[in-house]
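Thanks for asking me to look this over. Below is the structure, and after it my notes, point by point.

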Amino acid sequence: MSTPVVTSKWAGTFACGGTCRRKQLMGEEFSKKALERHRKDGKPLKCKQCVAADEQTERENAAKRKGDDDNSDETRKCAGKCSQVLPKASFNRNQYSKGEGKSRCRDCVEQSVKDESANQQKSKEEKITAVRKKVDDAKRSGKAHLILAAESELAALEAEKVTGLKPIKLSAGRGRGRGSGGSRGRGRGVGRR
């Protein structure tokens with residue numbers, strides 16, 4: 001079989017239409033929704049870095065506007081990791097409307113989003129590492145069907161990383177031309193009365 005491929009040197013065919021204007025990006029640089037919209041409608045793509053930068057500036061601008069407008073003395077305890085009693089200005093509208101004991105401050109929401117994306121990236125890398133180990137084990141066993149299955153799984157994961165498309169498992173159906181039972185087959189209706 002083949003030797004392992006260094007995926008860090010791969011270049012994709014996607015280009016960012018955001019502020020960075022980077023080219024030859026892999027599919028993992030974009031969100032699934034953005035890739036779906038791009039494939040369906042041909043809309044320009046924006047990489048995750050540009051989206052995160054835009055969100056950060058939007059949050060900063062909203063905090064400045066909120067700080068200027070809000071002079072209320074309302075406070076609420078954050079239900080996130082910090083568990084601090086904070087003023088209303090520390091919460092976004094959506095979180096504040098959830099009520100006492102359920103709302104999280106802006107900092108806790110941002111941290112949870114960062115943690116979630118880091119966990120997803122770590123999970124993907126662990127999955128690829130596990131499949132590479134599976135390939136090595138299959139090669140040591142010398143059984144061709146195990147090697148083929150493991151190499152195929154690795155190729156599917158690496159292709160998902162580059163293209164952003166999840167692999168589709170085809171079902172092990174009964175093959176072509178067989179009906180749902182019955183002994184007549186799929187003829188032209190000869191013999192039917």
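The numbered points below go from the overall picture to single residues.

1. **What kind of model this is.** This is a predicted model, in which local features need pLDDT of at least 70 and side-chain atom pairs count only at pLDDT 80 or more, while totals for chains, interfaces and linings use all residues. Residues are numbered from 1 along each chain as its sequence is written, and side-chain values use heavy atoms, with hydrogens and water left out.

2. **Confidence.** pLDDT is the predictor's confidence in each residue, from 0 to 100. The protein chain has a mean pLDDT of 80, and 79% of its residues reach 70 or more.

3. **Overall layout.** The protein chain has five helices and two strands; these are DSSP runs numbered from the N terminus, with helices being H or I of at least four residues and strands E of at least two. Read from the N terminus, the order is α-α-β-β-α-α-α. Of the 193 residues in the protein chain, 22% are buried (buried means under 20% relative accessible area, exposed over 50%, and partly exposed in between, with a 1.4 Å probe and protein chains only). Contact means heavy atoms within 4.5 Å. Among contacts between residues at least 6 apart in sequence, 40% join residues at least 24 apart.

4. **Nonpolar cores.** A nonpolar core is a set of buried Ala, Val, Leu, Ile, Met, Phe, Trp, Tyr and Cys residues joined through side-chain atoms within 4.5 Å. The largest one holds nine residues: F14, C16, L25, F30, A34, L35, L45, C47 and C50. Apart from it lies another core, of eight residues, including I128, V135, A150 and L157. Back in the largest core, L25 is in contact with G12, T13, F14, C16, F30 and C47, leaving aside its neighbours within four places in sequence.

5. **Helix α4.** How does the span of α4 compare with what its 36 residues should give? At 1.5 Å a residue the helix should span 52 Å, and its end C-alpha atoms are 53 Å apart, which agrees; the expected span is 1.5 Å times one less than the number of residues. Its buried residues are R106, C108, V109, E110, I128, V131, V135 and A138. Just after α4, G142 takes a positive phi of about 80 degrees.

6. **Helix α5.** The 20 residues of α5 should span 28 Å, and the end C-alpha atoms are 28 Å apart, so expectation and model agree. I147, A150, E151, L154, L157, E158, E160, K161 and V162 are the buried residues of α5, and the buried residues of this helix pack against α4 (106–141). In an α-helix with 3.6 residues a turn, residues three or four places apart point the same way. G164, which follows α5, has a positive phi near 85 degrees.

7. E160, in helix α5 (residues 144–163), counts as buried because its relative accessible area is 17%. Not counting residues up to four places away in sequence, E160 touches L165, K166 and P167. Q95 lies in helix α3 and is buried, at 5% relative accessibility. With the same exclusion of residues up to four places away, Q95 touches R76, K102, S103, R104 and V109.

8. **Positive phi outside glycine.** Q24 has a phi near 55 degrees, a positive value in a residue other than glycine. Q24 lies in the segment before α1 and is exposed, with a relative accessible area of 57%. S83 is not a glycine either, and its phi is positive, about 55 degrees. The loop between β1 (75–77) and β2 (85–87) holds S83, which is partly exposed at 38% relative accessibility.
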